[in-house]
Amino acid sequence: MKKGRGLALYCAALYAFLYVPLVVMTAFSFNDAHRNVVWRGFTFKWYAMLVKDAELMGAMLTSLELAAAAAAIAAALGLFASYAMVRHHAFKGRDGYAALLDAPLMMPEVALGVGLLSFLVRAGYELDFGALACAHALICLPYTVGAVRARLKSVGNERLEEAAMDLGATEWIAFLKVTLPLAMPAIVSGSLLAFTVSFEDFVTSFFLAGIGIVTLPIKIYSMMKFGVTPEINALSVVLLAATFVLLGLNAWFSSRSRESARA
Amino acid sequence: MRTLDRAFSWLLSGRRQAASHLLLAPAAAWLLIFLVLPALGLIALSFAKNGAYGEIVWSPGLQNYARAFDAKYIPVLLRTLGFAGGTTILCLLLGYPLAYFLSFQAGRWRNAFIIGLMVPFWTSALVAFYSWMVILGKEGLLNSALLRFGFISAPLGILYTPFSVLLGLVYFYLPFTVLPLYGSLEKVPRGLIEAAYDLGADRRTAFFKVTFPLSLPGVIAGALLTFIPCLGDFLTAEILGGPRFYLLGNLISNQFLMAQDWPFGAALTCLLLFGMVLGLMAYRRWEPDA
């Protein structure tokens, strides 16, 4: 099995390549030196500077609000759309809807950004928080649809709904009392993915954020333009940590979603 | 309450096609307004003219497309194709052994490895590229390490070169290649490989005669799923390319944000979308599960 060990070593090297930037950034965010390259001791001061920076905290709040709005819209739109896609019998135009629902994933972010920018500006619409939230909801939609669709497809649910209706529930009551609670873990996990996508999004916001709106990634980008500083490392680590927490929660909810589907 | 119940029940039951369309209407309207209309707007804009003050003059013509194939912009188009192709080849070469390892040797750690592959993919690319800037820069980690150990006498210019752009692209798109490869390797019937061994094939023969040919659908899917998004990549060259090594995505962004030549930018975007549609059609044609 010598050959196998060579392959394992190769894969370890590839994983190292994937994780090097994350590790380097995290390490230097605790480095007590203005320049990144030499280690001068452990410090929290860059994080303390972040907290004191009112502009930065404002950007963080904007990003959180934006992600919450986008995830909520995407979850609501995605729930009803995926219900019709999965539960309803074949109807005309279903393939067209399926292609349309996946389209935001296929569209290059630049095309989406400049398309929305020119469309909104020419339509005379101000590029405000609402416009950005709508755009973020669009890029989030495939994620909520994907999660809920997969959940609704698990066969057990349908039988339970039928049982509820055999016992006299209307479709609406069966939906409220059976489908919705069963789909909840998927709705939550899809919304968390959507939240992550929006919270991290740079490209769409880059094109659509008017002058007044600064999200966290936009703030990071504009700080980068002035050069490499330890605060950016700390800020990046905050963004990373937020992503990890969100993905961890998502994994937890989607595993619950699978477990109860099996039960 | 009664009527509401009946209305919602009618919507949810889907006995009538109209109910399905109504349930899908909010999402479809969202996609129409914020995706389809802007895309149509870009197509219309691509045939317009840019006025002297950046205003849009509607006199339909192909001048923007002609300009895109001007000697000034051909290099950008070719460079974009070259970087996308190079990234695809590198990702396939680097990713195939990893996909093979995941499918055949990772054993019970497989899921952990796959999640490990997805984590950098889900983390903000902006942040990852920033960190590569820190590593590759003139006063960066790599240069100062090489200097200290005496491998070089002056810092190397690694950042803002074709190399740093390619590195960023490979870094970001590797999971796009590995996952389809892994998917198709998983589908290779293990019995066939064992049959090859039973018939006297050595590892190399079994791999090249059985495993690799059977994984070709994954190679094609992985290649297209890397190549297509690479064509429209914007962020990598924006951060790791500096002013000289920009790609089509950056040229488009410049037309909209700096040069204020929207019609020309729209034409470039339409070319990009056209290229992607061609790629997607190829993908549909060779899709592993089709």
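This is a predicted model: local features need pLDDT of at least 70, side-chain atom pairs count only at pLDDT 80 or more; totals for chains, interfaces and linings use all residues.
The model scores ipTM 0.89 and pTM 0.91. Chain A has 11 helices and 0 strands.

**Confidence in chain B**

- The mean pLDDT of chain B is 91. In this chain, 99% of the residues reach 70 or more.
- Helix H4 (residues 74-104) of chain B has the highest mean pLDDT, 96. Strand E2 (residues 56-57) of chain B has the lowest, 84.

**Chain A as a whole**

- Read along the sequence, chain A follows the pattern α-α-α-α-α-α-α-α-α-α-α.
- The C-alpha atoms of chain A fill a box of roughly 70 × 65 × 35 Å, taken along the principal axes.
- Chain A has 263 residues, and buried residues make up 44% of them.
- Take the contacts in chain A between residues at least 6 apart in sequence. Of these, 79% join residues at least 24 apart.

**Two domains in chain A**

- Chain A is divided into domain 1 (1-43) and domain 2 (52-262).
- The centres of domain 1 of chain A and domain 2 of chain A, taken over C-alpha atoms, are separated by 31 Å.
- The two domains do touch: 8 residues of domain 1 of chain A are in contact with 7 residues of domain 2 of chain A.
- On the domain 1 side of this contact, 3 residues are nonpolar, 5 are polar and none is charged.

**One residue up close: A:Ala137**

- A:Ala137 lies in helix H6 of chain A.
- A:Ala137 has 27 C-beta neighbours inside 10 Å, so this residue counts as buried. The cut-off for buried is 20 or more.
- Set aside the neighbours within four places in sequence. A:Ala137 is then in contact with A:Ala70, A:Ile73 and A:Ala74, and with B:Trp30 from chain B.
- A:Met106 is 31 residues from A:Ala137 along the chain. Their C-alpha atoms are separated by 15 Å.

**Helix H10 of chain A and what follows**

- The buried residues of H10(A) are A:Leu216, A:Pro217, A:Lys219, A:Ile220 and A:Tyr221.
- Just after H10(A), A:Gly227 takes a positive phi of about 115°.

**A helix crossing in chain B**

- Helix H1 (residues 2-13) and helix H2 (residues 17-46) of chain B have axes that come within 7 Å. These axes cross at roughly 95°.
- H1(B) and H2(B) are therefore roughly perpendicular to each other. Angles of 65 to 115 degrees count as roughly perpendicular.
- In H1(B), the residues at this contact are B:Trp10, B:Leu11 and B:Ser13. They meet B:Ala19, B:Leu22 and B:Leu23 in H2(B).
- The contact of H1(B) with H2(B) has 5 nonpolar residues, 1 polar residue and no charged ones.

How values were computed. Residues are numbered from 1 along each chain as its sequence is written. Chains are lettered from A and ligands numbered from 1 in the order in which they are written. Axes are lines fitted to C-alpha atoms, for helices over the stretch in contact, and angles run from 0 to 180 degrees between N-to-C directions. Helices (H or I, at least four residues) and strands (E, at least two) are DSSP runs, numbered from the N terminus. Angles under 35 degrees count as roughly parallel, over 145 as roughly antiparallel, 65 to 115 as roughly perpendicular and the rest as oblique. Ala, Val, Leu, Ile, Met, Phe, Trp, Tyr, Cys and Pro count as nonpolar, Asp, Glu, Lys and Arg as charged, and the others, Gly among them, as polar. A residue is buried if 20 or more other C-beta atoms lie within 10 Å of its own, exposed if 12 or fewer, and partly exposed in between; C-beta atoms are placed from the backbone. pLDDT is the predictor's confidence in each residue, from 0 to 100. Domain bounds come from an automatic or database domain assignment.
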